[in-house]
Structure formats: structure tokens, C-alpha cells
Amino acid sequence: RFSTCVTGTLSRLLPSPIALRSLACGRAHSVMVTHSGAVLSWGAGFYGQTGLGANVDVYAPQEVTALRGCGAVKAACGETFSVVMTPRGCYSFGSNGSWQLGTWSGGAGTSSPVAVEFFLGGEHVLHDVACGGEHCVVLA
């Protein structure tokens, strides 16, 4: 139903040329971070993994406006969730059945980005983030 493969057709879906810093793909969704720190996502959204505030499918890259101005540096995707790393912390969204979002939401997922509370306060310098099917690791 969705192809998360990036080919020459991606450039036709974007309103203007974009310099990418990071690109990640989940089972049927993708998230990218531009050099300016903007976050865009598209694909299947049943679990809210696109971070656009609704559990709907998106057929072309859309800006995750809730993260506007956060200075994102990297995106990572699991099967049905996403994580975005910024200089001050991480934000996660999508399914949370295995508590992979790193939030204290009782396992409930979210369609809008939520700060990973462990990294709030600036005590940690974040270096990298990676996701598997239903887990996430942050190198701090």
C-alpha cells in the first residue's frame, strides 16, 4: 500500500529542493530531518507514527509542525513509531505497546510528538538514536 523507498520521485513530492540531514523508514512510514532542523513525515499513520496529530495516512511529505523550531538533528523509526532527536532531547510518537516511546503514558500511543522525559533538564548530551521494531536506543 505504501512504499517508503526513497527514489527520484521524492523530489517531485516536495514543494522545493530540500537538503536532508537524516532520513528514516518504518514499516510503512518515513520521517526526514532537513539541514535547517525541520521534520517532515509521510506514509501510513494508523498508530500516529507520522506525528501529524491524527491517525491518518499521508501520501506526500508534510511538516511536523509540533516540532517546528526544535532544531531536530536526526530521525529514527521503528515498525509503527518514530523518534526525533534534538540538541536538547528526544520526541517520540506512534504506537507504544511495548513502551518504546520512552514516556510514562501507560503504554498509550500518541499521534503528536511527546518529549521523552528522561532527557528533559539538559543533563545528557545526546549523540545518536536508533530504533528496532518495537524498541529504541539513545546514545548519551
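How exposed is Asp 128, as judged by its relative accessibility? In this predicted model, Asp 128 counts as partly exposed, at 32% relative accessibility, and its side chain meets that of Lys 74 in a salt bridge. This pair is one of three salt bridges that a search of the whole structure finds, and each of them is described below.

| Salt bridge | N to O distance |
|---|---|
| Glu 79 and Arg 27 | 3.0 Å |
| Glu 63 and Arg 68 | 2.8 Å |
| Lys 74 and Asp 128 | 2.5 Å |

**Lys 74 and Asp 128**

The side chains of Lys 74 and Asp 128 meet at 2.5 Å, N to O. Because Lys 74 lies in strand E5 and Asp 128 in strand E9, which covers residues 128-131, the pair ties together parts that are 54 residues apart in sequence. Lys 74 is partly exposed, with a relative accessible area of 26%.

**Glu 79 and Arg 27**

Glu 79 and Arg 27 form a salt bridge through their side chains.

**Glu 63 and Arg 68**

In the salt bridge between Glu 63 and Arg 68, the closest N and O atoms are 2.8 Å apart. Glu 63 is partly exposed, with a relative accessible area of 29%, whereas Arg 68 counts as exposed, at 56% relative accessibility.

Technical notes: Residues numbered from 1 in each chain as written. Predicted model: local features only at pLDDT ≥ 70, side-chain atom pairs only at ≥ 80, totals over all residues. Heavy atoms only, no water. Salt bridge = Lys/Arg side-chain N within 4 Å of Asp/Glu carboxyl O. Buried < 20%, exposed > 50% of the residue type's maximum accessible area, 1.4 Å probe, protein only. Helix = DSSP H or I, 4+ residues; strand = E, 2+ residues; numbered from the N terminus.
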